[in-house]
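Take a look at the fold before reading on.

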Amino acid sequence: MTNSPLHISKILKGEVKLPLSKSECNRLLMIRAITGTDYWIPDISDAEDTTVLGRIILELKEHENGNTYDVGSAGTSMRFLTAYLATVPGVYHLTGTDRMQERPIGILVKALNDIGADIEFSGNNGFPPLKIFGGILQGGEIEVNGSVSSQFISALLLIAPTLHNGLVINFIGKVVSRPYVNMTIRIMERFGVFPIWDGDRLSVSNQKYIIDQPEKQFFVEADWSAASYWYSMVALADEADIFLPGLKKDSLQADSVCALLFTFLGVTTTFEEHGVRLTKNGYRPKAFAFDFVDCPDIVQTVAVTAAALKVPILLSGLNTLRLKETDRIVSLNSELKKIGVQCEIGEGGILEIKSFDGEVDSEIAIDTFNDHRMAMAFATLALVYPGIVIENPGVVKKSYPCFWEEVNKFSLQ
């Protein structure tokens, strides 16, 4: 798709295709790699994050591409492969985009080295690219700051059963994005491995994944973070009745909080047998506040929706957003100014939106900063500002490759 002006109907009715959850798929791919099996995954996400991980695991299995592996901008792949390659005998070079080389990974590397790994930084200390000397790890007991990325913790958990002495993680401070850690645990349990939470302590004994039983078949749910963009469009539409297949009420995904959260932004969620139906309820609060520490991936969607509805909102728990594809707090502030919205960035991961009377650009062009979530969150503004342009629209392939195709179902052009 080119940088064309967007014109979306304010009457939205129909069914929308969502991508499968890349979070669930990535964990399944890692368990399959760790066990060295051909475990069948019925359907898998076509998001770039997942295809990159799947490609590299296949290259490793077939001994292709030498010993250098490039994850591009796939953060999950970088974290999960760092831990996995530390357990696979051989020497590996793991790298990524320029932005990936600015995203810290030192805490994960230290944790792995503390349990017997041998990982070096090939460039700047604490950042990719990495040189990994893989081998058998003893495991043991470590301390980890709970405020780090949940992907660090999940990466450690997934390899924990293979460690000679298992793994005990003692958390310092509150664990952020805990639902993502719980997702990892729930999936591990499906395959016979049972991590144990005990206060601020998480332990996994040496054991084996069991994946050769029919009841272990895992059917991946549709992606709730992708669903958030359709929640936003329903909130901004005049009339709406949108069906999103593949979503579950008992979801493992933290972003399923959309069903509750968007109730306060005018959207009603009705769970049906094969998915959810979104309709408008007409509610609009005078002000709103929410802590996104457990669901940071929907921050941009909620912020843009509230800004378009001119609802003052206080968003907290945003610390991890500074280390994503872009600094998402700064980028939100920058692009919301183009629609006359003023934000205040506070210390401790807080963003407040409370002023809506600024000057609106005559021709609005949104800089995505090479961030897929910026592109999709701001695309919803086409219902309020017809003709808005999303720059670098192809970036959505990272998580929702068919997004524009689905949006075009409701295009006025």
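What follows goes from nonpolar cores to a helix pair and then to salt bridges.

This is a predicted model, so local features need pLDDT of at least 70, side-chain atom pairs count only at pLDDT 80 or more, and totals for chains, interfaces and linings use all residues. Residues are numbered from 1 along each chain as its sequence is written, and side-chain values use heavy atoms, with hydrogens and water left out.

Start inside. In soluble globular proteins, nonpolar side chains tend to be buried together. A nonpolar core here is a set of buried Ala, Val, Leu, Ile, Met, Phe, Trp, Tyr and Cys residues joined through side-chain atoms within 4.5 Å. Buried means under 20% relative accessible area, exposed over 50%, and partly exposed in between (1.4 Å probe, protein chains only). The largest nonpolar core has 80 residues. W230, L244, L336, Y400 and F403 touch the most other members. Helix α7 (residues 224-236) gives the most to this core, with 10 residues. Helices (H or I, at least four residues) and strands (E, at least two) are DSSP runs, numbered from the N terminus.

Zoom in on L336. Leaving out residues up to four places away in sequence, L336 touches V304, A307, V341, C343, I353 and F378; contact means heavy atoms within 4.5 Å. Another core, of 69 residues, lies apart from the largest one and includes I31, I132, I153 and I187.

Now the helix pair. The axes of α1 and α2 come within 9 Å and cross at roughly 10°. Axes are lines fitted to C-alpha atoms, for helices over the stretch in contact, with angles from 0 to 180 degrees between N-to-C directions. That crossing makes α1 roughly parallel to α2, a label for angles under 35 degrees. On α1, the contact is made by K22, C25, N26, L29, M30 and A33. On α2, D49, T50, L53, G54 and I57 take part.

Finish with charge. Side chains of opposite charge can pair when their charged atoms come close. A salt bridge puts a side-chain nitrogen of Lys or Arg within 4 Å of a carboxyl oxygen of Asp or Glu. The count is 17 salt bridges. D38 and K61 form one of them, at 2.5 Å, N to O. D38 sits in the loop between α1 (22-35) and α2 (48-61), and K61 in helix α2, 23 residues apart. D38 is exposed, at 64% relative accessible area. E335 also pairs with K338, at 2.6 Å, yet E335 is buried, at 2%. D297, R328, D371 and R373 are linked in a network of salt bridges.

Note on methods
Parallel < 35°, antiparallel > 145°, perpendicular 65-115°, else oblique.
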